[in-house]
Amino acid sequence: MASVSEPTEILWDLRVRELLPKPLVRPIDKSALLARTKPGLIYGALALAILLPCLAPGYILTLDMAFTPSLRLPDHVSSSYLFTAGLHYLNLIIPSQIIQKLMLFLIILLSGLGMHYLVRHIQQTKDETGAAVWGAYVAGALFAVNPFTYSRFMAGQYAVLLGYALLPFLVRAGLQFFCVPTLLRAVAVSGWLVLISIVSLHTLGLAAIVLLASFGVFVWRQRRNLGILRPVAWYSLVAAVLFIISSGYWLTPLVTGGSNQAQAAASFSAADRQAFATAGGGTLAKLGNILQLQGFWAEGQGLYLLPADQLAGWPIVVLALWTLVGIGAVWLWRNHRGVAVIVLGSALLAIAIALFGFGDFRPLAGYREPQKFIGLVAMAYAICAGLGAAFLFERFNQRRVALAISICAVALLPVLLTPTMFWGFSGQLAPREYPADWSAINARLNQDSTDFRVLSLPWHLYMHYQFAGRVILNPSDKFFDKPTIVSNELEYAGAAPTFPDTDKSELTHQILPAAAGNPAFAGQLAGLHVKYVLLSKTYDYREYAYLDKQPDLMLLTETPNLKLYRNLAYDR
């Protein structure tokens, strides 16, 4: 009997246990938790090593990045409308200087994490302690810290950088989709594509190259298997339709030529392509810059230091990077040939675009600065360097001295490759405050409840401001609450204005050049609905001394940084 009742009692005991309430909190797997949080902590520490001196109160002001206390709603619909509007509404509860620093931090964090997880996906191993995972950290660090990202940071192109940071997430989603095509994965690819387009339209071109390369490789490899090609074609079509529908608010005006972006692209000419071409005195010089992740047009303008300016042996570091990338490229080709074709093929196409641009091909005229496509070269470098590092770490696993030397050398590679990026970009960027008299003038203008516009002088889009400590975008139209007219002229190598504007064109070519000896100057401004003229005491402001002699301009107030005039002709 015992032999029969004992199993029955055990079975009954198990059934009773199933009916008992389950514990609400499961035991924490500390090792799994550490594995999940460790990448975020490491790349967060990397971001702090770069940005910590910039986190004090104030704004980081540099070239295209001129944040102001109020982040306003965009005045026209473009691909970045939702991004800019999101910043505006976030600014209602969070100060803009905090938003700016969070964004800069996220750019570095997401760049590292995205590339880290992309490389881990390519490696196809779950080992969280071996050489493979440390190779992924090398890849993440190199993708976040390199000459390409450094130049874009110094140029203040935070939207381009944020789109660049999202690129590895899209590539990983694309590889997963083409590995096992499902509707959910197609929706994920479309979602990342929409997100990138909202943040940076230029990065959308890079994303398109990688996705098309992935699609082409998959179709070629499965060309005799219609059973697999049909669902991929169907789900790809679904993803494309979802993207078009989600982007219709800006895509339709762009295609029909009704948006500011379309009009700007239509105005670009050969002069624009020449002005913003990849830097270099010839094809070989340009190619050398590209392979060093450089060649940005602003690098030769004396606006910021270059890595070679700070490290005498910098070419040796670049050579070490190329060696590591070569090792990783060989490993990738031998182990994942399809991924190798996608990554390396995209990089080669990006090199060709950066070298030669798009010429007169109008559909892509908006890419007047082809060097942006070097982001795909940076991605290929990061992937291959990470895989190459993992290969070396595994090779030297049983030789402790060689392993320690290789780990130290590879860990130092991002630091030596871009030493100018760490600790506040080598002290080049620091928090700055807008002068108090800017806020005082803004308050005075707000006392006038009528509908009017303010003309901001000097008439330059970019100027050196003493409070910024460098050349930045004229922030007047973003700082002052009243509609403020600032120049849209780049004044660089004959390049076209940022966006076509008939009023600004009239000011540039007709009104302001003849203003000094023109008694009808104030009347002409009144015709443009200008009630006030605001002169900032910077750059060539003394050339506007004629404002004090205009009979219909009355100086209302003068502060250490500004002069405010009232246009008496406005009320006539």
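**Note on the pockets, cavities and helix contacts of this model**

1. The second largest pocket is lined by 20 residues, and those nearest its centre are His121, Gln124, Leu175, Cys179 and Val339. A pocket is found on a 1 Å grid over the protein atoms alone, as an open set of points with protein on both sides within 12 Å along at least five of seven lines; lining residues have an atom within 4 Å of a point. The elements that give two or more residues to this lining are H4, helix H7 (158-179), helix H9 (201-221) and helix H17 (337-356). H7 gives the most, with 5 residues.

2. The structure is a predicted model, in which local features need pLDDT of at least 70 and side-chain atom pairs count only at pLDDT 80 or more, while totals for chains, interfaces and linings use all residues. Residues are numbered from 1 along each chain as its sequence is written, and side-chain values use heavy atoms, with hydrogens and water left out.

3. The space in the second largest pocket is about 510 Å³, where a volume is the space filled by probe spheres set on the grid points, which are joined across faces, edges and corners. Its lining has 9 nonpolar, 7 polar and 4 charged residues. Here Ala, Val, Leu, Ile, Met, Phe, Trp, Tyr, Cys and Pro count as nonpolar, Asp, Glu, Lys and Arg as charged, and the others, Gly among them, as polar.

4. The whole structure holds 3 cavities of 30 Å³ or more, a cavity being a set of grid points where a 1.4 Å probe fits but cannot get out. The largest cavity contains about 50 Å³ of space. Its lining consists of Phe148, Val160, Tyr164, Leu167, His202, Thr203, Leu206 and Lys372. By class, the lining of the largest cavity has 5 nonpolar, 2 polar and 1 charged.

5. The second largest cavity contains about 40 Å³ of space. Around this cavity stand Leu142, Phe143, Asn146, Leu293, Leu321, Ala378, Tyr381, Ala382 and Leu417. Helix H5 (131-144) and helix H18 (374-395) each supply at least two lining residues, and H18 has the largest share, 3 residues. The lining of the second largest cavity has 8 nonpolar, 1 polar and no charged residues.

6. Helix H3 (residues 81-91) packs against helix H4 (residues 96-123) at an angle of about 130 degrees, with the axes 9 Å apart. Axes are lines fitted to C-alpha atoms, for helices over the stretch in contact, and angles run from 0 to 180 degrees between N-to-C directions. H3 and H4 are therefore oblique to each other; angles under 35 degrees count as roughly parallel, over 145 as roughly antiparallel, 65 to 115 as roughly perpendicular and the rest as oblique. Phe83, Leu87, Leu90 and Asn91 of H3 make the contact with Ser96, Ile99 and Met103 of H4, contact meaning heavy atoms within 4.5 Å. These residues divide into 5 nonpolar, 2 polar and no charged.

7. The axes of helix H14 (residues 283-291) and H17 cross at roughly 135 degrees and come within 10 Å. This makes H14 oblique to H17. From H14, the contact involves Thr283, Lys286, Leu287, Ile290 and Leu291, and from H17, Ile351, Ala354 and Leu355. The residues of this contact comprise 6 nonpolar, 1 polar and 1 charged. Helices in this note are DSSP runs (H or I, at least four residues), numbered from the N terminus.
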